[in-house]
Structure formats: C-alpha cells, structure tokens
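Me: Please take a close look at how the parts of this chain are put together and what surrounds the ligand. A connected account is enough.

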Amino acid sequence: MCLLLLYLLSTAMASAAHLLPGFYSKTCPQAEFIVRDVMSKSMVREPRSAASVMRLQFHDCFVNGCDASLLLDDTPTMLGEKLSLSNINSLRSYEVIDEIKEALEKVCPEVVSCADIIIMASRDAVALSGGPNWKVKLGRKDSLTASQEDSNNIMPSPRANASALIDLFSKFNLSVEDLVALSGSHSIGKGRCFSIVFRLYNQSGTGRPDPAIEPKYREKLDKLCPLKGDGNVTGDLDATPQMFDNQYFKDLVSGRGFLNSDETLFTYGGTRSLVKKFSKDQSSFFKAFVEGMIKMGDLQSGRRGEIRRNCRVVNSRPAMDVFSES
Ligand code: HEM
Ligand SMILES: *[C@@H]1O[C@H](CO)[C@@H](O)[C@H](O)[C@H]1NC(C)=O
Ligand SMILES: *[C@@H]1O[C@H](CO)[C@@H](O)[C@H](O)[C@H]1NC(C)=O
Ligand SMILES: *[C@@H]1O[C@H](CO)[C@@H](O)[C@H](O)[C@H]1NC(C)=O
Ligand SMILES: *[C@@H]1O[C@H](CO)[C@@H](O)[C@H](O)[C@H]1NC(C)=O
C-alpha cells in the first residue's frame, strides 16, 4: 500500500504531460475546428476579443505553467488569479473560453482541457487577425488550484524596463528574441490609461513625461488620459489594433509605443536591433513569434491535473478519488 502510494506520488510528480500536435485526433477530431469556429464568431461580435483571448495564454503559462489556473473563480478557501494586480479590471473575454468549452463538452465531454483551449484559441485569434498560423502541441491538464500570490509575484508591470523583462523571461528559458517577438502580441488590442499615466506625467518619479514618447503621440495620449482622469479609458496598443502585423515595431521605432514596457524595447540597446529587424521584416517577426508561443506553451508545473468540466471550477469528487486519477 505504502509502495503503491509512493509510486502514484512519483508518477504525479513526473506528470508533466507529453504534448503532441493532433493530441485529440482520435478522442475529439472536431476539437480544433470547433475552437476556431467559436473564436471567429466571437471576433465578429467583438473584434477585440481576439487580443483579450490571446493575452490569456501569457497570463496562464507564466504562472505555474499552462494549466488554466487563470480561469478558476475565487472560492471561500482559494484566492484565484483573476483579481491579481495584473489581471483585475484588465483580463477579459473569459466568456469566450466558456463558450468554446460548452461547445466541446456537447461533442466530446470531459476530453479537451481548458488549458489546451487557451492554447488553441490564442493561436486562432492570431491567425484570424492576419497573423501567422501554426500547429499547436496539446495534451495539457487543468490545475486543481490557482494562486493570486504567485500571479502578483510573477506578472510584469507595464512600468517594467527591458532589462527587467529580459531577466523575467530568462527565468522561463525564453530568450531576448522570444521577449521581443512575444511583445509583438501588442500588435492587437488595447490598454488602459491606468497603465500609462505614470509615463505621461511622472516617469520614474521625475515629475516629467517619458522623453522617449514622440511629441505628437504624447499630445494624443495626454488628451486620452488626462492626469486624474478615468483610468479605465482605453487606447490602442498600436496604430492597427485589429490587425496582427509588424506595425507595433514600426510604432516603437517612431516613439509611438503605448506601454513603457513596449517603448523600452527600442530605447534599450540590448533589444533595439531586434525591434528594428522586426519593423522591417514582418516574416522574421512572425517566425520568431510562433517559436515564442510554442516555447511559452510548453511551460508546465509538473503538478497533477484533470480535465475540468467547467473551466471556472475544479471538478468536485470524493477525496479518496484523488489518487486514482492519472
Ligand atoms: C513583456 C511583458 C509584457 C507586459 C509588461 C505586458 C503588459 C500588458 C499591459 C499592461 C496591457 C494592458 C492592460 C491594461 O491596461 O488593462 C497588455 C495588454 C495585452 N497584452 Fe501584454 N504584456 C507583456 C507581454 C505580453 C505577451 C507575451 C502577450 C501574449 C503573447 C501579451 C498579450 C497582450 C495582449 C493581446 C493585450 C491586449 C489585450 C486586450 O485588448 O484585451 N502581452 N499587456
Ligand atoms: C530597470 O528596472 C529595474 C527593476 O525595476 C531597476 O532595478 C533597474 O535600475 C532598471 N534599469 C534601468 C537601466 O533603468
Ligand atoms: C529551463 O531549462 C533548464 C535546463 O534545461 C531546466 O532545468 C529548467 O527546468 C527550465 N526551466 C523552465 C521554467 O522551463
Ligand atoms: C512623482 O513620483 C514620485 C516618486 O514616486 C513622487 O514622490 C512625486 O510626488 C510624484 N510627483 C508628482 C507630480 O506626482
Ligand atoms: C475601473 O472600473 C472598475 C469596475 O467598474 C473599478 O472597480 C475600478 O476602480 C476602475 N479602475 C480605475 C483605474 O479607475
């Protein structure tokens, strides 16, 4: 009995799932089609949902691996990640994931994990916005828990500079090129005034705006985000916020990056040449972006997991069952 328990525990420890393209080809052959279909309908309703869904992959994978921990609602005994510093009043489109899950449960119940849905839907959001398309590896399990504290400790602030971001990404074995390419995800979507007022009015406590902002663009941002204005007002992250393209990098070169964490990739010497390269060569950006998304999608905690029936809650079951699941 004791040996059995040890064995089960050790397999649980080593349970970093083996990820494969076409993982559901036998168990749920329609899965990838269904995900893309719901994602595309959602974008017709609200184009921004592409950006909002794609962002979920970053905020899920960096916090204890790609395990859909992000999607768990708070419970009386667990503070989840939805209300963490970077996520509160900011992450959105959880309902698109719910809708995808519902469609999948109708066709193949309890087969496709919420963690894999995030990965597929993010890929589809990019492809449907004019960006690259790629094969995703699948077979992730959903976490049994979530941690607001871990999210607070890990997720970067919009104030972060390039060297801090390089350090953060290196902790996940993501290179400088991965960082710059993945930041190109800000080619779509919006950010809040809350995320940029410091750089408009008091960059690094200087009482002055960030000198890297191009003056005309700053005038525009000042109007959108007046000092002590509504922090929830949003602005475009690049000049073509519904099109996944390399406009983001062109904007950085001309001082029109929205977030400090964006513009710093151009002002910092260690990342500038990559920003320039991607601004001139969209296909090199797409190639590096796909590589980065795949590497980020490989992050796993090694903890035991399950296939959730509802992405917002852990499946409930008798405590004794806990060791009988692989
Ligand atoms: C490099 C470090 C990063 C920082 C500091 C950062 C920070 C931010 C911030 C502050 C916002 C705006 C949030 C708000 O104001 O409510 C944002 C939006 C966004 N981020 Fe990032 N981000 C980073 C990397 C990434 C990565 C790696 C991805 C995905 C691969 C991503 C995808 C997005 C998308 C798509 C949006 C727009 C979401 C929407 O319109 O709803 N970001 N990010
Ligand atoms: C970047 O940010 C880190 C952490 O906030 C800080 O310690 C460092 O001095 C900054 N580096 C530069 C070059 O501004
Ligand atoms: C990074 O790579 C090292 C060496 O291959 C490995 O030991 C470590 O677990 C990796 N870290 C992450 C977060 O994947
Ligand atoms: C700017 O920030 C610094 C440091 O955070 C603070 O001491 C100062 O009061 C701020 N200035 C203004 C004008 O808000
Ligand atoms: C944005 O709106 C939310 C919910 O309506 C509110 O709780 C929050 O304080 C607002 N945030 C800012 C920065 O104004």
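**Domains, ligand shell and helix packing**

Reply: The C-alpha centres of domain 1 and domain 2 are 25 Å apart. The model is a predicted one. Domain 1 covers residues 11-155 + 297-315 of the protein chain, and domain 2 covers residues 162-295.

Where the domains touch, 19 residues of domain 1 are in contact with 17 residues of domain 2. On the domain 1 side, α3 gives the most, with five residues. By class, that side of domain 1 has nine nonpolar, seven polar and three charged residues.

The ligand comes next. Ligand 1 lies between the domains, because domain 1 and domain 2 both give residues to the shell around it. There are 26 residues around ligand 1, and the nearest are Ser52, Ser90, Ser185, Gly189 and Gly191. Three elements, α3 (49-61), α8 (176-183) and β3 (190-192), each supply at least two residues of the shell. Of the elements, α3 gives the most to the shell, with six residues. Helix α3 therefore has the leading share both in the shell around ligand 1 and in the side of domain 1 that touches domain 2, as WHY the ligand sits between the domains would be read from residues given by both. The shell divides into eleven nonpolar, ten polar and five charged residues. Helix α8, one of the elements that supply the shell, also packs on helix α14 (residues 282-297). The axes of α8 and α14 come within 8 Å and cross at roughly 105°, so the two helices are roughly perpendicular to each other. From α8 the contact takes Glu177, Asp178, Ala181 and Leu182, and from α14 it takes Phe285, Ala288, Phe289, Gly292, Lys295 and Met296. These residues divide into six nonpolar, one polar and three charged.

Helix α2 (residues 31-45) has two packing partners to describe here, α4 and α5. With helix α4 (residues 94-107), the axes come within 9 Å and cross at roughly 145°. The crossing of α2 and α4 is right-handed. On α2 the contact is made by Ala31, Ile34, Val35, Val38, Met39 and Ser42, and on α4 by Val96, Glu99, Ile100, Ala103, Leu104 and Val107. Ten of these residues are nonpolar, one is polar and one is charged.

With helix α5 (residues 114-127), α2 packs at an angle of about 55°, and the axes are 9 Å apart. That angle makes α2 and α5 oblique to each other. This crossing is right-handed as well. Glu32, Val35, Arg36 and Met39 of α2 meet Ile117, Met120, Ala121, Asp124 and Ala125 of α5. The contact of α2 with α5 has six nonpolar, no polar and three charged residues.

Key
Residues are numbered from 1 along each chain as its sequence is written. Chains are lettered from A and ligands numbered from 1 in the order in which they are written. This is a predicted model: local features need pLDDT of at least 70, side-chain atom pairs count only at pLDDT 80 or more; totals for chains, interfaces and linings use all residues. Axes are lines fitted to C-alpha atoms, for helices over the stretch in contact, and angles run from 0 to 180 degrees between N-to-C directions. Helices (H or I, at least four residues) and strands (E, at least two) are DSSP runs, numbered from the N terminus. A crossing is left-handed if the near helix is turned anticlockwise from the far one by less than a right angle, and right-handed if clockwise. Two residues are in contact if their C-beta atoms, placed from the backbone, lie within 7 Å. Ala, Val, Leu, Ile, Met, Phe, Trp, Tyr, Cys and Pro count as nonpolar, Asp, Glu, Lys and Arg as charged, and the others, Gly among them, as polar. A residue is near a molecule or strand if its C-beta atom, placed from the backbone, lies within 6 Å of it. Domain bounds come from an automatic or database domain assignment. Angles under 35 degrees count as roughly parallel, over 145 as roughly antiparallel, 65 to 115 as roughly perpendicular and the rest as oblique.
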